[in-house]
Amino acid sequence: LQPIYSIALSNDGTKLATADSRDICVWNVEDDYSPVVGKGRWCFHQQRIGALAWSNDDSILASGANDDAMYFWSLKKRAKRVHYPHAHRGGVTAIEFLKNVDGFVLVSVGNDGCVNQWDITDDVMEKFG
């Protein structure tokens, strides 16, 4: 077993995302934590994943890791992903979607001491529809 470095409960309370040094898994809270996205499916980060966040409508899961990257995942199109490779020099330490905004807007912080705001709406719509 790998250590788990990050968890995020969906806004509706039905899904729990977990992340280790490489993999992100999503579990169905209402069905005895059965896997929705199992190990080896969302595994593109190269270093420890320390940040997870669900979009306001729970359609997108964001992940950030020590590899400087952020990824965005959709349960509707599980084989696709949006990749921001150089989000923070030295790694992403936290991410959060902004509330009460149109589209998909989030804030990230990292080991570079920066706070960045990202509007990923166009990228998400292009990749996931």
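Predicted model: local features only at pLDDT ≥ 70, side-chain atom pairs only at ≥ 80, totals over all residues.
Which residues are exposed on the other side of H1? They are Asp122 and Glu126.

Helix H1 spans residues 121-128. Thr121, Val124 and Phe128 of H1 are buried. These three cover an arc of only 70 degrees around the axis, which puts them on the same side of H1. In general, an α-helix has 3.6 residues a turn, so residues three or four places apart point the same way. The cover over the buried residues of H1 includes E6, E7, E8 and strand E11, which runs over residues 115-119. Just after H1 comes glycine 129, with a positive phi of about 80 degrees.

**The sheet under the helix**

Strands E5, E6, E7 and E8 form an open sheet in the order E5-E6-E7-E8, with antiparallel pairing. E5 and E8 are its edge strands, and each pairs on one side only. On average, neighbouring strands of this sheet are turned by 20 degrees against each other, direction ignored. H1 packs on this sheet and touches E6, E7 and E8. The direction of H1 makes about 145 degrees with that of E8. Within the sheet, E7 and E8 are joined in the antiparallel sense by four bridges, and methionine 70 stands opposite tyrosine 84 in E8.

**The other four-strand sheet**

Another open sheet of four strands has the order E1-E2-E3-E4, again with antiparallel pairing. E1 and strand E4 (34-42) stand at the edges with a single partner strand each, so one side of each is left without a neighbour in the sheet.

Strand E1 covers residues 6-9 and has two faces: Ser6 and Ala8 are on the covered one, Ile7 and Leu9 on the uncovered one. The hairpin of E1 and E2 has five residues between the strands, and glycine 13 in this hairpin takes a positive phi near 75 degrees.

| Strands | Bridges | Opposite residues |
|---|---|---|
| E1 and E2 | four bridges | alanine 8 and alanine 17 |
| E3 and E4 | four bridges | isoleucine 24 and tryptophan 42 |
| E7 and E8 | four bridges | methionine 70 and tyrosine 84 |

In soluble globular proteins, nonpolar side chains tend to be buried together. The largest nonpolar core of this model has 18 residues, of which Met70, Phe72, Ile95, Phe97, Leu106 and Ile120 touch the most other members. Strands E5, E6, E7, E8 and E9 and helix H1 are the elements that give two or more residues to this core. E9 gives the most, with three residues.

What does isoleucine 120 contact, leaving aside its neighbours within four places in sequence? Its contacts are Phe72, Tyr84, Phe97, Phe104 and Leu106. A second, separate core of 16 residues includes Trp42, Ile49, Leu52 and Ala69.

**Aromatic pairs**

The structure holds six aromatic pairs. One of them joins tyrosine 84 and tryptophan 118 edge-to-face, at 5.4 Å centre to centre and with 65 degrees between the planes. Tyrosine 84 lies in strand E8 and tryptophan 118 in strand E11, so the pair ties together parts that are 34 residues apart in sequence. Tyrosine 84 has a relative accessible area of 13% and is buried. Tryptophan 118, at 19%, is buried because its value falls under the 20% limit. Elsewhere, ring pairs link Trp42, Phe44, Tyr71 and Trp73 into a cluster.

**Cysteine 114**

Where is cysteine 114 found? Cysteine 114 sits in the loop between strand E10 (105-110) and E11. Its relative accessible area of 35% makes cysteine 114 partly exposed. Not counting residues up to four places away in sequence, cysteine 114 touches His88, Ser108 and Val109. Alanine 87 is 27 residues from cysteine 114 in sequence, and the two are 9.9 Å apart in space, C-alpha to C-alpha.

Notes
Residues numbered from 1 in each chain as written. Heavy atoms only, no water. Core = buried A, V, L, I, M, F, W, Y, C linked by side-chain atoms within 4.5 Å. Buried < 20%, exposed > 50% of the residue type's maximum accessible area, 1.4 Å probe, protein only. Contact = heavy atoms within 4.5 Å. Pairing = 2+ DSSP bridges. Arc of directions from axis to C-beta. Phe/Tyr/Trp six-rings, centres within 6.5 Å; stacked < 30°, edge-to-face > 60°. Axes fitted to C-alpha atoms, helices over the stretch in contact; angles between N-to-C directions.
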